[in-house]
Amino acid sequence: MSGGMQSAADPILSVRGLFKHFGGIKAANGVELVVGRHEIAGLIGPNGCGKSTLFSLVSGTVIPDKGEIRFDGRAVAGMSAHRIARLGLARTFQIPALFDNMTVTDNLLAAAAEGHWQGAYERAAETLSLLKLNHVADNRASDLSGGQQKLLEFGRAVMRQASLILLDEVTAGVHPNIRKIILEAIARLREQGVSFLVIEHDMEMVRNVCDRIIVMDSGRVVTTGSFEDIVRSSEVMQTYLGRPQ
Amino acid sequence: MALIPTNPQWRGLVLLAIIIVVLGVLPWTVNNYWLRIATGALMWAGLACSWNMLGGYAGYINFGQSAFFGLGAYVTAFLMGDPFGLPFSATIPAGMVVTALCAVIIGAPTLRLRGAYFAIATWAFAEVLIQFASAMDFTGGIGGIGLPPYLNERFFYFAMFGTAALSYFLTWALFERSRFGLKVKALRDHEPAAEAMGINTALVKLQTFVLSAVTASVFGAIFAYWVTFINPKSVFGGDITDQMVVMVLLGGLGTLWGPAIGGVALFVVNRLIWMYWGDTAFYIAILGTAIVLVVLFLPNGIAGLFARRKNDALDKVLDKLVGSGEGGHP
């Protein structure tokens, strides 16, 4: 299967031999993957296969036991989350991790408070427009609907002016209108040169948005390729549906 | 025509100006007894403000704030006595430096803890200082230490007033109107997400802790000179922190004016109980009841009542007092 030529040639993110064990649970068990510049890579796999843990390892929220993570050419494994973020990596969380007692606008401004403050108010206004959140700009984040909370968290990642954004099920359970807003924003950001690694269970979205799919199971990458390659893969079918007895 | 502008920001400024003028002329309108009560009320409003910086804005409940109040008091008492004999004004910066150093040493490891663990660690620090001050000769031991008397009530009133005003201005400028405040509030609401936004949460917490500690130490320095005698229990005692906590909870945790409202309200209640019953033991029962009532019925404190009905409750009161503007609310 294709490994994605642009990914291999000039990766913005490369992960080699990454291990993280929580007691007896092997959340990352030798993960190997690359994400190319300006690429939208989809990360799929059954629940509990280690996708979100991989995000936490790459973003510095969790320290790996062993392995190499290179972001934009720099080794970042074991680096603190705020330092990795300042290098240009942004992420969302599976369950929206908002600043609940702050307003929507302040949530966006807080995302720009470290390192990207120049023009932050203007960018916050643009982001509110882009994500159609103007009407709730002064509301507290905790007062937003579930879908709006997903939008706001995505907006914070946008405010970081990152070169790579990790999206953890950003469209899961949201209204189709909100999903459309997010997908349009992803397309627009990709045109501006932003790369994405997207965890997603919705295969329709994966097919429409992602250039390349990475499939994980039991803490490791089992295969990678185009959507068409992936759906034809017996290995992927076994990963999702189980092996015949 | 309205006496007070209809714009909420201007209204706030007019109210602030009125408060400043009233507090500015107060020493010439009341006797020394009431002036001492006003001085105490300003001190507690300022101490509650100092506690609110870390507890309210950063979400770290510090049960050892009295340690910093006591450090400021003891440094002033120590340096004003023999053999140093330094003037009062020179002891304040010394107390601030000593307090800042202690806050860094204590804060760096303890701020890695959260919730009850952080609260217990800071409480233990204050207890250690009580034992230390009780055991050492240079602190006067359990008997305490005296300071040269300066019987000028107006001086202490304005010292407390100026320090409290500066504390609230700093809180407004740093926590309500700056990038720093956004970082502090972000880490309070979701620390891992704040880290993922590039915020060095360990550093921001430590900066807030030091600012909160140094503010309390200045009040401790003025307090020591004011009362002319301190001992370990009177400045390091856990009840000092307890009162700050209750004042902030009553007034409004993480709000600008909540600590002032709670601080003044509870201190005045304390003094009234003392006046009418001659004993403040009943005050402890009031504190306990206040905690229960606040938690049950006023989770956002008194200030939260106004915030919830922004442009409503406060504005209605003002409208009744001075009449509404022709154009109504913007």
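In strand β9 of chain A, Val215(A) is the bridge partner of Ile44(A). The two strands concerned, β3(A) and β9 (residues 212-217) of chain A, pair in the parallel sense over four bridges, where pairing requires that DSSP finds at least two bridges between two strands, and where helices (H or I, at least four residues) and strands (E, at least two) are DSSP runs numbered from the N terminus. β3(A) also pairs in the parallel sense, over four bridges, with strand β8 (residues 195-199) of chain A, and there Leu43(A) has Ile199(A) as its bridge partner. Strands of a sheet pair through backbone hydrogen bonds, either parallel or antiparallel.

This is a predicted model, in which local features need pLDDT of at least 70 and side-chain atom pairs count only at pLDDT 80 or more, while totals for chains, interfaces and linings use all residues. Residues are numbered from 1 along each chain as its sequence is written, and chains are lettered from A and ligands numbered from 1 in the order in which they are written.

How many residues of strand β3 (residues 40-44) of chain A are buried? Five of the five are, so the strand is largely enclosed by the rest of the structure; a residue is buried if 20 or more other C-beta atoms lie within 10 Å of its own, exposed if 12 or fewer, and partly exposed in between, with C-beta atoms placed from the backbone. In a regular strand the side chains alternate between the two faces of the sheet. Here Ile40(A), Gly42(A) and Ile44(A) point one way from β3(A), while Ala41(A) and Leu43(A) point the other way.

Taken as a whole, chain A has ten helices and ten strands. Its radius of gyration, taken over C-alpha atoms, is 18 Å, close to the 18 Å that the globule rule (2.2 Å times the number of residues to the power 0.38) gives for 245 residues, so chain A is as compact as a globular protein of that length. Buried residues make up 50% of the 245 residues in chain A. Over residues 1-6 of chain A, however, pLDDT stays under 50. Where pLDDT is low, the predicted coordinates should not be read in detail.

Chain B comes to 15 helices and two strands, and 45% of its 330 residues count as buried. Helix α1 (residues 8-25) of chain B is hardly covered, since the count of buried residues among its 18 residues is zero.

Finally, the two chains meet in a contact that takes 24 residues from chain A and 15 residues from chain B, with two residues in contact if their C-beta atoms, placed from the backbone, lie within 7 Å. On the side of chain A that touches chain B, α3 (81-86) and α4 (104-112) of chain A each supply at least two residues.

Notes. pLDDT = per-residue confidence, 0-100.
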